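Here are my notes for you to read with the model open beside you.

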Amino acid sequence: MNVRSHDSALRGGLNFQGGPQAIQGGPQAIQGSQAHRISKTVVDSARQELRPAGRERLIVVEDDPVTRTMLVGYFSENNFDVVGAGSCAECRQALRARTDLVFLDLQLPDGDGFDLAKEIQATSNAGIIFVTRRDTDVDRILGLEIAGDHYVTKPINLRDLLARARSVLRRRSLDRKAARNHNSIAFGDWIIDLTRRELLGSDGKPVALTRAEFDLLAALVGADGRPLSRDYLIEVVSNRQAEVDIRTVDALVARLRRKLVGSGTPVIATVTGVGYKLALSERP
């Protein structure tokens, strides 16, 4: 398979070979970029019409054309419908069509990947896998707390990334089915709506939660008082096996405890040597 030509077709004629200079090339370059974006929109719309049923749609947001071409080609070969985007603006354009998963770099020419992830989370149900060279613990934890299902550092292991993508999509499919069967669950002074992904207080007002906080709380509520191990909660929060430090879960629990106040009794209890559980059943 000719990966270069395949990516070119997917991107609807977008010319990424100019690199950063293409962005700084003056009015002519800007006009050319606008024309390319219009062309890409038309091609993406046509692809949306022709996509076979059951094929998940992915967006690869990566400013490096070599890495983007590699990812687009590999996931296309593995039966995904893939669109490449070299900037935040191109990602927003691609998100106008239904999207199941976004591979997101952090360093983009027109914005920060973390900020873009917040936009995606607010406007789309797509999963997010960060794919980046930034490998500090602060970035990793921040990414997972903000919106990420995974945080993968470069160089990329394609087979590993494929397994993670399938895991995210499978889990989200199961979550959607569960949400349809169990819309809302009341516990203590709160109601958690699994379909809308909202937590409502006794006054009916929503409590602001990050994606990771919501997923962790939903798991504890679903366990109905049974303790859940930290290792299990790591998988719930990050959709990984064991690559996130336990401190991430502890930090999320601490933040939830601060937000779930009003009854005078801690909602989440620590189970020594195990992890955490919902503690409402212990109320007098």
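1. Before we start, "meet" and "contact" here mean heavy atoms within 4.5 Å. With that in hand, look at the pair H8 and H9: Ala212, Asp215, Leu216 and Ala219 on the H8 side meet Leu233, Val236 and Val237 on the H9 side. Sorted by class, the residues of this contact come out as 6 nonpolar, no polar and 1 charged.

2. Still, where pLDDT is low, the predicted coordinates should not be read in detail.

3. Back to the helix pair, now for its geometry. H8 covers residues 211-223 and H9 covers residues 230-238; their axes come within 8 Å and cross at roughly 135°. H8 and H9 are therefore oblique to each other. The hand of the crossing of H8 and H9 is right-handed.

4. Now compare with H5 and H6. What angle do the axes of H5 and H6 cross at? Roughly 15°, with the axes of H5 (residues 113-123) and H6 (residues 137-146) coming within 10 Å. That angle makes H5 roughly parallel to H6. H5 passes H6 in a right-handed crossing. On H5 the contact uses Phe114, Ala117, Lys118 and Gln121, and on H6 it uses Asp139, Leu142, Gly143 and Ile146. By class, the contact of H5 with H6 splits into 4 nonpolar, 2 polar and 2 charged residues.

5. Next, a sheet. Its 3 strands run in the order S8-S9-S10, forming an open sheet with antiparallel pairing. S8 (184-187) and S10 (198-200) are at the edges with a single partner strand each, so one side of each has no neighbour in the sheet. Direction ignored, neighbouring strands here are turned by 20° against each other on average. As a reminder, strands of a sheet pair through backbone hydrogen bonds, either parallel or antiparallel.

6. Zooming in on that sheet: S9 (residues 190-193) pairs with S10 in the antiparallel sense over 3 bridges. If you want a landmark, find Ile192, which stands opposite Leu199 in S10. H8 packs on this sheet too, touching S8, S9 and S10, and its direction makes about 110° with that of S9.

7. There is another sheet to look at. Which order do its strands take? The order is S11-S13-S12, again 3 strands in an open sheet with antiparallel pairing. Here S11 (228-229) and S12 (268-271) stand at the edges, and because each has a single partner strand, one side of each is left without a neighbour in the sheet.

8. S11 is joined to S13 (residues 275-278) by 2 bridges, running antiparallel. Ser229 stands opposite Gly275 in S13, and Leu228 has Tyr276 of S13 as its bridge partner. S12 and S13 pair over 4 bridges in the antiparallel sense, with Ile268 partnered by Leu278 in S13. The hairpin of S12 and S13 has 3 residues between the strands, and in it Gly273 takes a positive phi near 80°.

9. Which helices lie across these strands? H8 lies across S11, S12 and S13, running at about 65° to S13. H10 (residues 246-259) lies across S12 and S13, at about 145° to S12.

10. Lys154 and Pro155 are joined by a cis peptide bond, with omega about 5°; Pro155 sits in the loop between S7 (150-153) and H7 (158-181). Asn79 is not a glycine, yet has a positive phi of about 70°; you'll find Asn79 in the loop between H3 (65-77) and S2 (81-85). Arg197, also a residue other than glycine, has a positive phi near 55°, and its place is in the loop between S9 and S10.

Technical notes:
Residues numbered from 1 in each chain as written. Predicted model: local features only at pLDDT ≥ 70, side-chain atom pairs only at ≥ 80, totals over all residues. Heavy atoms only, no water. Axes fitted to C-alpha atoms, helices over the stretch in contact; angles between N-to-C directions. Parallel < 35°, antiparallel > 145°, perpendicular 65-115°, else oblique. Left-handed = near helix turned anticlockwise from the far one by under 90°. Nonpolar A, V, L, I, M, F, W, Y, C, P; charged D, E, K, R; others polar. Pairing = 2+ DSSP bridges.
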